[in-house]
Amino acid sequence: MKMIVGLGNIGPQYDGTRHNTGFMVVDQFAKSHDISIKTRKMNAKYGSGFVNNTKVLVVEPTTFMNDSGLAVRPLMNYFDIPVEDIIIVHDDMDLPIGKIRIKDKGSAGGHNGIKSIIASVGTENFDRIRVGIDHPDHGNTVVNYVLGRFSKDQAPVFKQAADHAVNALDDWIDGMSIPDLENQYN
């Protein structure tokens, strides 16, 4: 079984915000594969299905972003999923909107959701898809920026990046190596 985790904040006030990029990508992935994310247990909403003969668990933590690890570790234990079979999808301010970066390990890079997962899982060695949301303008705080929504000009560029991220998830499930995914999508 493979586990795809999208990071975001719960609640309608956060729907469509830049910080919910992970939720938006996994929602799109789940919809494309007729997977319903409705079960609520272990600090998460999740659903499962088969994608190209591989069972996939699609997860959205119901903790806030900074406590995402409280959902990831219990689900890994319950479903007996090793760390090499999980991938985390999250926003990244160090990438421009429209860009994605795939990596197999590394530090949290200042992302509190990733910090929480590293602390809960006990390693930095897990796959990730970082989806660019760009930096705030000088007049905007980081909090206001990440909790804001994409502008009309940014929305189609983000949609294209989300499409690429969904395609990368499909290829990851099909067994494409991280170096090959990096070469194709980064």
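Start by selecting Thr63, which sits in the loop between β4 (54–61) and α2. Keep in mind as you look around that this is a predicted model. Is Thr63 buried or exposed? Its relative accessibility is 10%, so Thr63 counts as buried, the cut-off for that being under 20%.

Now show the side chain of Thr63 and follow it to the backbone oxygen of Asp67, which it reaches at 3.1 Å. Leaving aside residues up to four places away in sequence, Thr63 touches Gly8, Ile10, Asn43, Ser68 and Leu70.

Leu70 is a handy bridge to the next stop. Select helix α2 (residues 69–79) together with helix α3 (residues 112–121): their axes come within 8 Å and cross at roughly 35°. The crossing is right-handed. Which residues make the contact? On the α2 side, pick Gly69, Leu70, Val72, Arg73 and Met76; on the α3 side, pick Ser116, Ile117, Ser120 and Val121. Colour them by class and you get 5 nonpolar, 3 polar and 1 charged.

Next, jump to helix α5 (residues 154–173).

Last stop: Gly175, which follows α5 and has a positive phi, near 100°.

Note on methods: Residues are numbered from 1 along each chain as its sequence is written. This is a predicted model: local features need pLDDT of at least 70, side-chain atom pairs count only at pLDDT 80 or more; totals for chains, interfaces and linings use all residues. Side-chain values use heavy atoms; hydrogens and water are left out. Axes are lines fitted to C-alpha atoms, for helices over the stretch in contact, and angles run from 0 to 180 degrees between N-to-C directions. Helices (H or I, at least four residues) and strands (E, at least two) are DSSP runs, numbered from the N terminus. A crossing is left-handed if the near helix is turned anticlockwise from the far one by less than a right angle, and right-handed if clockwise. Contact means heavy atoms within 4.5 Å. Ala, Val, Leu, Ile, Met, Phe, Trp, Tyr, Cys and Pro count as nonpolar, Asp, Glu, Lys and Arg as charged, and the others, Gly among them, as polar. Buried means under 20% relative accessible area, exposed over 50%, partly exposed in between (1.4 Å probe, protein chains only). A polar contact is a pair of N or O atoms within 3.5 Å; within protein, one must be able to donate a hydrogen and the other to accept it, and residues adjacent in sequence count only if both atoms are side-chain atoms.
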